[in-house]
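Please consult the sequence and the model alongside the points below.

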Amino acid sequence: MLHGENGRDDDFGEKPTKRNNKTIFSIVITAFLGLLNFSKLAVIAKLLFGLLKASKFAGTFISMGLTVVLYAQIYGWLFAVGFVAVIFVHEMGHYITSKKLGLDVSAPTFIPFLGAFIKMKSMPKSVREEAITAIGGPVAGAFITFVCLGLYYLTSNPYWAGLAYLSAFINLFNLLPFGSLDGGRISKAISPFIWLIGLVMALFLIWKLHAYILLIILFFGVYEVITMYRQKSVTAQYLSVAPSFRLKIGFSYLMLIAVLAFLMMYSLDISKTFTDSLYIR
């Protein structure tokens with residue numbers, strides 16, 4: 001194996017040196033190209049950050065991202081992205097209808113484990129405006145539920161059926177006719193006395209389903225009732241609305257409840273069928 005006597009050891013010893021030089025040279029070139037790529041990425045990231053900072057939706061995207069990350073740690077990325085997207089569409093329904101009415105509102109802001117909201121910088125002038133802004137969210141929610149079901153039929157992926165169920169449930173829950181929930185704002189335009197039904201329903205859900213989040217809704221709802229009672233003249237003027245609008249918003253409210261209830265049960269049935277088929281196999 002040793003070839004020193006024939007002089008071949010010198011030739012054998014030079015080869016690693018050349019290879020080492022080539023290796024070092026390639027590392028330097030790779031590092032240089034990587035640096036260029038990194039600098040390009042840094043420029044792009046800086047540009048995107050600048051656009052985000054200037055955007056009215058900067059807070060939305062940041063809070064959305066944070067919410068997705070937190071949910072993903074518990075439920076996984078697939079659920080987290082879908083869940084946050086469904087809530088985003090709902091809130092954009094409120095945002096768009098508010099803007100249509102000329103109200104100054106903020107872009108949606110997410111609060112992990114509590115949901116999302118848009119800040120009303122200018123309050124509705126009447127219960128009519130309040131009801132229209134309120135119903136915009138569940139209408140957008142019903143739309144995205146249909147989209148999820150459509151994607152299920154296109155892909156046969158049960159994930160979309162599950163997301164459709166979740167979307168329908170969230171929007172239907174929000175239609176509970178009490179307090180600051182969308183249903184409370186809508187039903188106020190029909191008749192404030194509907195809140196009594198909503199109060200009983202909320203207490204039942206707290207008792208049976210342990211939906212303790214409703215305790216916050218109940219607290220602020222009761223406070224709002226007391227405030228309206230103390231300011232009777234202002235309340236009467238605010239609640240004044242044409243009978244035709246009461247009829248339209250009332251019909252829309254009931255139809256929306258019916259549609260979302262149907263979509264929720266239908267998507268649940270699909271999910272159950274898929275789960276049962278797994279057990280049979």
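Helices are DSSP runs (H or I) of at least four residues, numbered from the N terminus. Axes are lines fitted to C-alpha atoms over the stretch in contact, with angles running from 0 to 180 degrees between N-to-C directions. The model is predicted, so that local features need pLDDT of at least 70 and side-chain atom pairs pLDDT 80 or more, while totals for chains, interfaces and linings use all residues. Residues are numbered from 1 along each chain, and side-chain values use heavy atoms, without hydrogens and water.

**Helix packing**
- Helix α2 (residues 58-75) and helix α3 (residues 77-100) have axes that come within 7 Å and cross at roughly 140 degrees.
- Their contact (heavy atoms within 4.5 Å) involves residues including Met 64 and Tyr 71 of α2 and Trp 77 and Phe 88 of α3.
- The contact residues comprise 13 nonpolar, three polar and no charged.

**Salt bridges**
- A salt bridge is a Lys or Arg side-chain nitrogen within 4 Å of an Asp or Glu carboxyl oxygen, and the count comes to four.
- Glu 130 pairs in this way with Arg 185, their closest N and O atoms lying 2.9 Å apart.
- This pair links distant parts of the chain, 55 residues apart: Glu 130 in helix α4 (residues 127-155) and Arg 185 in helix α6 (residues 182-190).

Conventions:
Helix = DSSP H or I, 4+ residues; strand = E, 2+ residues; numbered from the N terminus. Nonpolar A, V, L, I, M, F, W, Y, C, P; charged D, E, K, R; others polar.
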